[in-house]
Amino acid sequence: MKVQKKAQRIVSLDLIRTTAALMVVMIHCSSMFVKSFDTISREFVLGNFFDSISRAAVPLFVMTSGALLLDERRQFSVRKFYGRNVKNLALLLAFWSAFYAVLYQAVFPLVRGERADVPELIHDFIFGHYHMWYLYMAVGLYLITPFLRCVARRENAGLVRLFLGISLLTQFSVPLIQALAAIWEPLEYWNSLINKFRLQFFCGFTAYYLAGWYLAHVGLSRLERRILTAAGAISLAMIFVYVQLTGKYSIGYSNYSLLVFLYAAALFSVLYRIGNRLQGKKPGTVLEVCSGLSFGVYIIHPLLLWELREVIPYERAPLWYLLGTYVAVCAAAALLTRIGSALPGIRKVFRM
């Protein structure tokens, strides 16, 4: 993601983006076990373990975008940003929506000897494949980027902290309160109270976007980093335990959960420091290549996963099935992305 001219690669962000892409694939590999089996089964435990670990995926992507696009040191033109970045993202969204819509509602049915479903094709083109919600959300973040850049400055670090604090107390507290309300019902009134204030300005993925900028360009003290790391580790454990005990994965895994936010922010902070140590070294070059494949892996992997599950059905070996599926899908998606990125005419649709 570039705003105007190419700058030096930031290995930390390459590392985070690569990690996020791998996590997205793991979410979709492990979710089958979480959604299809009882909480006492080994399939559910295994799926919950890997799904919980991977729940930082989308927040990491968003925080990486915030660290790049809100960087005040980079030259920025609203006209050029809207005319290039927003336009290119919208074109990517249109292309891949058309690809999946035609594939699933026309090509596959015709191969099976069935008729193409035109109404569903149109519907799928407009709303996108299930995993493409991220691109719609990214367009929204891109549209508000020029406004956020007015705030995301080092001299306004206190304002950004205040925004994050209010967001954590409102939006990100809701899933946690919902979980605790099962134990003490009066807590449910907190959610009703929050809704009365209409605090949508603090909602959505904007908090992650600003958090990425803050962690990358303002940073934390050593003590703050330790506290955040500890909070992230505890939050990850609580996500796993909550889903394991209740089976309510939609609440436990929510990107708007305080636990997911703390886990993602802690992981971003840790990976960013690791990446700084790799800057200018050989592993950094490898990460640059992997980072370049991340969008392609994200956009292609659901198709490969769906096809693989059709060819290789589950046969009661959860660990080997999950890991085998994961490795196969990651490798195939990376290979196809590498090939597609080298072909003139379509290479741009494999990079965001």
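**Close-ups of a predicted model**

**View 1. A cluster of aromatic rings.** Ring pairs join Phe61, Trp133, Tyr134, Phe172, Phe205, Tyr208, Tyr256, Phe261, Phe295 and Tyr298 into a cluster. Rings of Phe, Tyr and Trp (its six-membered ring) pair if their centres lie within 6.5 Å; planes under 30 degrees apart are stacked, over 60 edge-to-face, and the rest tilted. By this rule, the count is 34 aromatic pairs. This is a predicted model, where local features need pLDDT of at least 70, side-chain atom pairs count only at pLDDT 80 or more, and totals for chains, interfaces and linings use all residues. Numbering starts from 1 along each chain as its sequence is written, and side-chain values use heavy atoms, leaving out hydrogens and water.

**View 2. Trp96 and its neighbours.** Leaving aside residues up to four places away in sequence, Trp96 touches Met132, Phe295, Ile299, Ile300, Val349 and Phe350. Touching here is contact, meaning heavy atoms within 4.5 Å.

View 3. The chain's mean pLDDT (the predictor's confidence in each residue, from 0 to 100) is 92, and 98% of its residues reach 70 or more. Confidence is lowest in helix α8 (residues 174-181), with a mean of 78, and highest in helix α3 (residues 57-69), at 98. Helices are DSSP runs (H or I, at least four residues), numbered from the N terminus. Over residues 1-6 the pLDDT is below 50, though this stretch has 19 contacts in the model beyond near neighbours in sequence.

Notes. Helices (H or I, at least four residues) and strands (E, at least two) are DSSP runs, numbered from the N terminus.
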